Amino acid sequence: MTDPKAHPAKAFRAAILHSLANPTDVGLEDSYQYFDDGVLLVADGHVVKVGHADDILPSLDPSVEVVVLENKLITPGFIDTHIHYPQTGMIAAYGEQLLDWLNNYTFPEEKRFADVNYAREVAVQFLDELARNGTTTALVFGTVHKESVDVFFQESEKRNLRMIAGKVLMDRNAPEDLTDTPESGYEDSKALIEKWHNKGRLHYAVTPRFAPTSTSEQLRLAGKLLEEYPDVYMHTHLSENQKEIEWVQELFPESKNYLDVYDQHGLLSSRSVFAHGIHLCDGECKRLQESDSAIAFCPTSNLFLGSGLFPLSEIEAKGIKVGMGTDVGAGTSFSLLQTMSEAYKVMQLQGKKLHPLKSLYQATLGGAKALSLDHLIGNFESGKEADFVVLDLHATQLMKFRMEHAQSLEDKLFVLMTLGDDRTVCDTYSYGQSVYNR
Ligand code: GUN
Ligand code: FE
């Protein structure tokens with residue numbers, strides 16, 4: 001137990017908004033709580049309570065510090081359900097779709113992570129960038145090098161972040177110095193699980209890059225790890241690009257479809273997260289739903305690589321969990337605000353709407369549910385971990401001007417996510433402690 005005196009109770013007074021449930025399940029009205037003059041009381045890393053200032057302030061012990069924030073909105077910290085930390089240095093690489101992008105840009109950069117000093121430098125830069133953008137939890141790809149994940153966890157631990165990460169498994173169809181073997185991949189993953197999984201706020205994800213870069217033997221051993229450690233995560237890519245899908249059929253001719261390759265190797269469970277899933281057939285959707293697996297919707301990446309438009313409404317209607325991912329470096333922003341804005345446009349191109357309260361849910365509580373962490377993070381229910389962001393409604397001249405014309409909460413929130421980015425984030429708190437101040 002942490003000494004409570006080390007983290008005395010502190011109250012934050014501002015407008016406060018958090019999700020209570022998926023608007024698609026319960027309707028918009030019952031999906032959130034909003035206090036125009038609210039107080040969030042935190043102590044010892046956890047939410048004590050949230051409510052209207054008039055209800056909470058009179059009951060506070062006079063010793064509790066009250067931080068008053070004008071023209072600010074407090075929301076839960078953002079949750080990024082798919083991102084690659086080693087791709088920080090090659091974000092915005094010109095001109096290619098998935099497979100050429102991997103060969104021409106991604107693999108050369110990931111080779112540099114054989115140097116553990118470089119890996120640490122990028123991990124620090126990456127975690128700074130997450131904090132600057134209000135992201136407090138992420139599901140993160142490392143590289144094939146086990147040290148890349150070791151330093152990532154070390155740096156995450158220093159900041160007391162709730163993070164999930166894993167070493168890439170890749171034993172074919174990649175440059176020789178970026179491949180492991182089924183056995184070394186298994187052993188290295190196992191050592192990292194033993195060292196880091198459930199240590200403080202950290203968790204491990206078994207991370208085969210995608211079906212084309214693993215042999216059946218490597219996927220079998222990935223499944224074995226999941227059997228040996230049932231609460232470890234599984235994180236990979238699925239059905240992102242048409243050429244990728246055709247390649248998977250050639251490499252695994254005996255499998256019914258792309259997802260079936262993973263299914264045959266025991267990689268589907270409520271702790272499995274598949275990035276993209278843009279071009280899925282009915283059979284794949286059925287298995288994702290039955291296994292309670294999640295998809296990470298990565299709109300900036302899907303647009304940037306020209307991968308396609310994710311059919312969010314159809315996937316949700318089939319009962320599949322969906323979180324939001326930035327997918328940096330194929331994604332073009334660390335900001336979940338910008339990611340929500342691009343998600344809206346992806347839906348517009350399909351003739352659909354994406355309500356701002358739904359987007360907020362997706363980037364917070366929905367992400368927590370996709371990661372099976374909603375008992376710990378994702379909103380401000382009493383007892384949850386105090387991961388939150390202070391957003392500036394007057395972050396830029398334009399936003400300030402536009403906010404003055406915004407009437408409803410929905411209107412303000414939509415402006416915030418359409419015009420917002422890292423400039424909008426004033427403060428980021430993880431476990432009740434500041435990890436970023438603008
Ligand atoms: N598929 C396999 N590897 C990758 C990757 O690094 N990024 C994306 N977007 N898709 C992938
Ligand atoms: Fe990715």
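Visitor: What makes up the lining of the largest pocket, in terms of nonpolar, polar and charged residues?
Guide: In this predicted model, the lining splits into 5 nonpolar, 5 polar and 4 charged residues. Asn-22, Asp-25, Glu-316, Ile-320 and Lys-321 sit nearest the pocket's centre, out of 14 lining residues. The pocket's volume comes to about 210 Å³.

Visitor: Which domains does the lining of the largest pocket draw on?
Guide: Domain 1 (4-77 + 378-437) and domain 2 (78-334) each supply at least three residues.

Visitor: OK, over to the metal. What are the protein donors of the iron ion (ligand 2)?
Guide: They're His-82 (NE2), His-84 (NE2), His-237 (NE2) and Asp-327 (OD), at 2.0 to 2.2 Å from the iron ion. The cut-off for a donor here is 2.8 Å, so these atoms qualify. Along the chain they follow the spacing H-x1-H-x152-H-x89-D. One pair links distant parts of the chain: His-84 in strand S5 and Asp-327 in the loop between S13 and helix H13 are 243 residues apart.

Visitor: Why is the arrangement around the iron ion (ligand 2) called irregular?
Guide: The 4 donor atoms subtend angles of 86 to 172°.

Visitor: How do you know whether His-84 is buried or exposed?
Guide: Buried means under 20% relative accessible area. His-84 has 2%, so it counts as buried.

Visitor: And what about Asp-327, buried or exposed?
Guide: Asp-327 has a relative accessible area of 2%, so by that cut-off Asp-327 is buried.

Conventions: Residues numbered from 1 in each chain as written. Chains lettered and ligands numbered in written order. Predicted model: local features only at pLDDT ≥ 70, side-chain atom pairs only at ≥ 80, totals over all residues. Heavy atoms only, no water. 1 Å grid on protein atoms, 1.4 Å probe; cavity = no way out; pocket = protein on both sides within 12 Å on 5 of 7 lines; lining within 4 Å. Points joined across faces, edges and corners; volume = space filled by probe spheres on them. Nonpolar A, V, L, I, M, F, W, Y, C, P; charged D, E, K, R; others polar. Domains from an automatic or database assignment. Donors = N, O, S within 2.8 Å, 3.2 Å for Na, K, Ca; no water. Tetrahedral: all angles 85-135°; square planar, octahedral: opposite > 155°, others 65-115°. Helix = DSSP H or I, 4+ residues; strand = E, 2+ residues; numbered from the N terminus. Buried < 20%, exposed > 50% of the residue type's maximum accessible area, 1.4 Å probe, protein only.
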